[in-house]
Amino acid sequence: MVTKLEALRLFLNEDRNRLVEHAIEQALLKSDQYGISVNRRLRFKKRMAGEQLRDAGLSLQEENNRAMLECVDRFHSELQIRSTAIKEIADMFEAVQAKSLLSASEELLVSVSKLTTFYDELSEVELLKEIPRLRRHLKAADIDLDNAKEWSVFDVLKFIAEWDFLESLPTLSLSLRLFLTISVSVASCERSFSKLKQIKNYLRSTMGQSRLSDLDLLSIESDMVKDIDFDGVIDRFAALKTRKGKF
């Protein structure tokens, strides 16, 4: 799974421009086919002094191209965050992967130590004793070890349960269950909606989409915003609001 996510991330990073251009080209063909107008509609919005439209001076196609690139870049960023988290979990539980369990190597000692250091309920000594025991159980069950190396973690645990080896492999069984039940999902989408509910209240009912998105982003990334020096931001805002008059 980690490899597939990384491959998708690299694909988006390398072909982002081509993907957007192809999507816009297909959309224009469909619009022409069904007689849908692609002319820009005039939009009048009241803005503060010095505030400019984000799409000022852009054609409709350029605006769509910018918006789609932002979506692709956001998707790429989310993929990177998720693949990094999953990779960290996979590295921590490398010791209980079938290929590692059935390969007698020095790297196994390092991966077992990494796992037992993080989980206090797992004993490194016991786990190192049970791994060779698992290999003997597989041989006794007349299972080819080369084929067993391609098993998933679930397949290994299923073999232990079906052959009633839970009592002889308690620490290894616990390690496998920890890996299979660990939560790898995130709540970014739910967090975004909860932030929107706090930001867009009845006092801000006429707020535009662009300003709402910016405020939502600032609220979500509040840890990063706290490190910003606001003096420069305030000076720049004050300069935009400055009105000079002759008396």
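**Entry 1: V110**

I looked up V110 and recorded it as exposed, since its relative accessible area is 56%. By the convention I used, exposed means over 50% relative accessible area, buried under 20%, and partly exposed in between, with a 1.4 Å probe and protein chains only. The model is predicted, so I note that local features need pLDDT of at least 70, that side-chain atom pairs count only at pLDDT 80 or more, and that totals for chains, interfaces and linings use all residues. Residues are numbered from 1 along each chain as its sequence is written, and side-chain values use heavy atoms, with hydrogens and water left out.

I placed V110 in helix α4 (residues 106-118). Helices here are DSSP runs of H or I with at least four residues, strands are runs of E with at least two, and both are numbered from the N terminus. Between the C-alpha atoms of V110 and A95, which are 15 residues apart along the chain, I noted 8.4 Å.

**Entry 2: the chain as a whole**

I found twelve helices and zero strands in the protein chain. Of its 247 residues, 24% count as buried. I then turned to contacts, meaning heavy atoms within 4.5 Å. Among contacts in the protein chain with a separation of 6 or more, 58% join residues 24 or more positions apart.

**Entry 3: α1 and α2**

Two packed helices are described by the angle between their axes and the distance between the axes. For helix α1 (residues 2-33) and helix α2 (residues 60-92), I recorded an angle of about 170 degrees and axes 9 Å apart. The axes are lines fitted to C-alpha atoms, for helices over the stretch in contact, and angles run from 0 to 180 degrees between N-to-C directions. That angle makes α1 roughly antiparallel to α2. The classes are roughly parallel under 35 degrees, roughly antiparallel over 145, roughly perpendicular from 65 to 115, and oblique for the rest.

The residues of this contact of α1 with α2 divide into 15 nonpolar, eight polar and five charged. Ala, Val, Leu, Ile, Met, Phe, Trp, Tyr, Cys and Pro count as nonpolar, Asp, Glu, Lys and Arg as charged, and the others, Gly among them, as polar.

**Entry 4: the largest cavity**

I noted a volume of about 40 Å³ for the largest cavity. A cavity is a set of points, on a 1 Å grid over the protein atoms alone, where a 1.4 Å probe fits but cannot get out; lining residues have an atom within 4 Å of a point. Grid points are joined across faces, edges and corners, and a volume is the space filled by probe spheres set on the points.

The lining consists of A98, L101, L102, L134, L138, W151, V156 and F159. I classed it as eight nonpolar, no polar and no charged residues. Helices α3 (98-101), α5 (124-140) and α7 (153-162) each supply at least two of the lining residues.

**Entry 5: S175**

Is S175 buried or exposed? I recorded S175 as buried, because its relative accessibility is 0%. S175 sits in helix α8 (residues 170-181). Leaving aside neighbours within four places in sequence, I listed F93, V96, L115, L122 and L127 as its contacts.

**Entry 6: two aspartates with positive phi**

Most residues other than glycine have a negative phi. D142, not a glycine, has a positive phi of about 60 degrees. I located D142 in the loop between α5 and α6 (145-148), and its relative accessible area of 71% makes D142 exposed. The phi of D164 is also positive, near 60 degrees. D164 lies in the loop between α7 and α8 and counts as exposed at 61% relative accessibility.

Terms used:
On a 1 Å grid over the protein atoms alone, a cavity is a set of points where a 1.4 Å probe fits but cannot get out, and a pocket is an open set with protein on both sides within 12 Å along at least five of seven lines; lining residues have an atom within 4 Å of a point.
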